[in-house]
Amino acid sequence: MTGKTQTSNVTNKNDPKSINSRVFIGNLNTAIVKKGDIEAIFAKYGKIVGCSVHKGYAFVQYMSERHARAAVAGENARIIAGQPLGKLTLGYYVCMPISVDTEI
């Protein structure tokens with residue numbers, strides 16, 4: 001144990017008050033880049049309260065929209081693990097494709 005406080009995996013995707021404090025990070029090589037790496041890179045912009053990493057993308061939830069906006073401005077066009085990040089976006093929702101066979 002390193003003594004470092006771990007952030008939550010929850011990024012408040014359904015909370016309208018905090019949606020603009022949430023940063024979407026696309027085109028992420030998650031075979032190499034892990035949650036701790038994302039937190040280390042993005043922590044310089046403000047207090048991270050949640051971070052979730054998925055195949056090819058991640059979300060970082062900040063305490064305030066101001067911190068999220070600073071992260072977007074500061075990290076757009078960054079290269080991580082030899083791969084340029086996709087455009088960073090505030091308040092982004094991921095839509096899952098629906099199969100033709102899925103009943104709604």
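This is a predicted model: local features need pLDDT of at least 70, side-chain atom pairs count only at pLDDT 80 or more; totals for chains, interfaces and linings use all residues.
**Overall fold**

The chain contains 2 helices and 6 strands, arranged along the sequence as β-α-β-β-α-β-β-β. Of its 104 residues, 38% are buried. Among contacts with a separation of 6 or more, 67% join residues 24 or more positions apart.

Helix α1 spans residues 35–42, and its buried residues are Ile 38, Glu 39, Ile 41 and Phe 42. These residues lie on the same side of α1, because they cover an arc of only 165° around the axis. An α-helix has 3.6 residues a turn, so residues three or four places apart point the same way. The elements below are among those that cover the buried residues of α1.

| Element | Residues |
|---|---|
| β1 | 22–25 |
| β2 | 48–54 |
| β3 | 57–62 |
| α2 | 65–75 |
| β4 | 79–80 |

**Aromatic cluster**

The structure has 3 aromatic pairs. One of them joins Phe 24 and Tyr 57 in a tilted arrangement, with 5.8 Å centre to centre and 35° between the planes. Phe 24 belongs to strand β1 and Tyr 57 to strand β3, so this pair ties together parts that are 33 residues apart in sequence. Both Phe 24 and Tyr 57 are buried. Together with Phe 59, Phe 24 and Tyr 57 form one aromatic cluster. Arg 22 is placed over the face of Phe 59, at 3.6 Å from the ring centre.

Definitions and conventions. Residues are numbered from 1 along each chain as its sequence is written. Side-chain values use heavy atoms; hydrogens and water are left out. Helices (H or I, at least four residues) and strands (E, at least two) are DSSP runs, numbered from the N terminus. Buried means under 20% relative accessible area, exposed over 50%, partly exposed in between (1.4 Å probe, protein chains only). Contact means heavy atoms within 4.5 Å. The arc is that of the directions from the helix axis to the C-beta atoms. Rings of Phe, Tyr and Trp (its six-membered ring) pair if their centres lie within 6.5 Å; planes under 30 degrees apart count as stacked, over 60 as edge-to-face and the rest as tilted. A charge sits over a ring if NZ of Lys or CZ of Arg is within 6 Å of the ring centre and within 35 degrees of the ring normal.
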